[in-house]
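Dear colleague,

I am handing over the structure below, and my notes on it follow. Please read them with the sequence and the coordinates open.

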Amino acid sequence: MMADILNIPMLGRLKIVETFEYYDQPVLFSCKNAAGRLYLVVAADENERNETWLYAGVSEERLKLIRSGLIDLHDAFADPEDGFLVREIVPYNNQTGLRTDFVQPDQISEDMLPIPGERLNLKTDTLPALSSPEEIAKSGRREILNLTLNFDGVFRTEAPLVPLSNILGSLQAVINTIGTVFYKSEQVTEDIRREMQLSLLGIGAGSFDVRLASTQIVNLFSDIDYGSIVGNAIKELLNLLNAGSDQEELRKRLGHLRLKVANSYAKFLKSLSESVADTKFTWVSPNPQRGGTAGLSKLQMRNAIEILQRFQEEEPLTFTITGTLMAASLPAKTFLLQTTEQIYKGAIADEALEIEAVRTATLSKEYTAKIQETIQKSETTGEISKTKYQLLKLST
Amino acid sequence: MWPEFYPDNCPPAEAEPASGTVYRLVQYDPAQAQDFKTPFEKNPGRFDNKPTIKNCGLSVHKDPQDSERLRERLKNRARKFKNSQIAEGRLNPTLGMIKQTPSLEQSHHSLWVPLEAEPWLVFNIMS
């Protein structure tokens with residue numbers, strides 16, 4: 001039996017679709033069988049006796065992500081969609097047929113795989129064509145957020161540019177701001193901006209549907225279990241949207257997100273309410289256990305904006321935390337308390353100085369503290385310029 | 001005189017007499033005949049015993065950086081290339097015909113070598 005790497009009984013007769021790397025022969029290429037099944041193939045090893053080739057079954061969407069460089073060549077083989085690879089050992093001795101077996105990626109030596117970070121980076125049309133968000137989320141390992149925007153007075157699948165850009169810009173801003181809570185950061189840093197970044201994948205009919213996806217791919221080995229950060233931010237956003245214009249629900253859901261999220265969320269709702277009659281959000285995650293939907297009418301948006309403004313202007317947010325007292329000065333009326341999530345540093349309120357637990361507070365000891373959070377806005381831009389914390393109460 | 005196993009249309013009509021300086025990944029120092037065996041010669045069964053223009057050609061680069069980039073990628077992937085080195089050779093028409101056949105590396109060329117030629121003698125390992 002003759003050995004032909006494009007004629008493998010288990011895979012069918014294959015035809016090369018595109019050769020990515022060539023040295024004396026194709027060493028990295030995509031191919032397709034008669035049924036249309038795609039494979040990415042790499043020459044993994046060669047010695048005096050045989051050649052070893054690895055085949056990873058790929059969907060069209062995933063191949064586009066590999067081709068464009070979003071998924072590196074290492075992960076294309078180390079983390080295949082099918083969960084396994086086909087290994088072909090092709091002997092030089094013509095009398096012996098090739099050997100085919102299915103292997104788990106962890107059975108393949110790392111030095112047979114492309115190195116992590118090796119990318120094709122070829123210009124690729126990555127717009128999805130009629131594929132379901134579930135398929136893209138799974139094959140691309142990306143968080144997908146679909147927005148259905150019903151623009152006022154628009155009856156075609158079109159969107160006015162300025163309102164649309166305001167909506168998308170303020171959506172990214174609120175995701176970034178929620179990200180600062182997860183990263184325990186006072187501001188949106190470059191790292192947070194990069195991690196939280198959403199990309200526009202496509203638009204479609206159904207009022208006006210906008211499909212967004214996390215720019216970063218979800219790490220199969222860690223993010224799937226604990227949730228990607230951007231996925232967690234989308235989840236929090238959906239929680240806020242589902243609170244609608246219910247004051248108590250909004251207060252509850254904003255509780256751990258801090259007041260600065262309220263400001264950013266209010267701006268997002270304002271951009272929506274100015275041009276959209278109603279809206280629906282659908283989140284699809286690579287993790288099938290995660291995802292959700294939310295929707296708001298224009299009336300709900302306007303009511304929610306009023307409530308959020310009241311929160312910010314009239315009711316400084318108070319919340320209770322438990323953490324370790326790291327520093328305190330009664331003469332200077334300052335404190336520094338560290339929880340597992342964040343460091344709170346600020347002033348001790350005059351009334352708190354009357355409390356026995358405050359006067360006798362011991363450093364490095366764990367306390368439950370009531371904290372008031374206030375924000376300062378820039379007079380020119382209206383943006384939050386500083387978040388201040390005040391210790392109201394302390395107990396053991 | 002071309003090797004007997006070359007198909008009728010090989011080298012292709014667009015190929016030109018070999019000339020200029022090219023670079024090739026080799027296993028031996030100094031380069032040896034084994035470094036210049038065509039894929040078909042090495043493993044005809046792998047090609048169902050059917051020689052083609054492609055599997056009778058040898059890969060060379062006109063730009064040494066392309067060879068270096070390819071070597072860096074391949075040496076981490078295919079163990080055969082772990083100890084490969086880049087050899088520089090100045091071609092002349094007695095060494096065959098050459099044609100640009102770009103891959104990821106734009107300077108990739110295919111070289112078809114006549115039966116009597118000994119290209120390894122003009123290739124030197126780069127320091």
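A residue is called buried here if 20 or more other C-beta atoms, placed from the backbone, lie within 10 Å of its own, exposed if 12 or fewer do, and partly exposed in between. By that rule, buried residues make up 39% of the 127 residues in chain B.

This is a predicted model, in which local features need pLDDT of at least 70 and side-chain atom pairs count only at pLDDT 80 or more, whereas totals for chains, interfaces and linings use all residues. Residues are numbered from 1 along each chain as its sequence is written, and chains are lettered from A and ligands numbered from 1 in the order in which they are written.

β3(B) runs antiparallel to strand β6 of chain B (residues 108-112), to which four bridges join it (strands pair if DSSP finds at least two bridges between them), and B:His61 has B:His108 as its bridge partner in β6(B).

As for the contact between the chains, it takes 28 residues from chain A and 22 residues from chain B, two residues being in contact if their C-beta atoms, placed from the backbone, lie within 7 Å. On the side of chain A that touches chain B, the largest share, five residues, comes from β4(A).

With best wishes

Conventions:
Helices (H or I, at least four residues) and strands (E, at least two) are DSSP runs, numbered from the N terminus.
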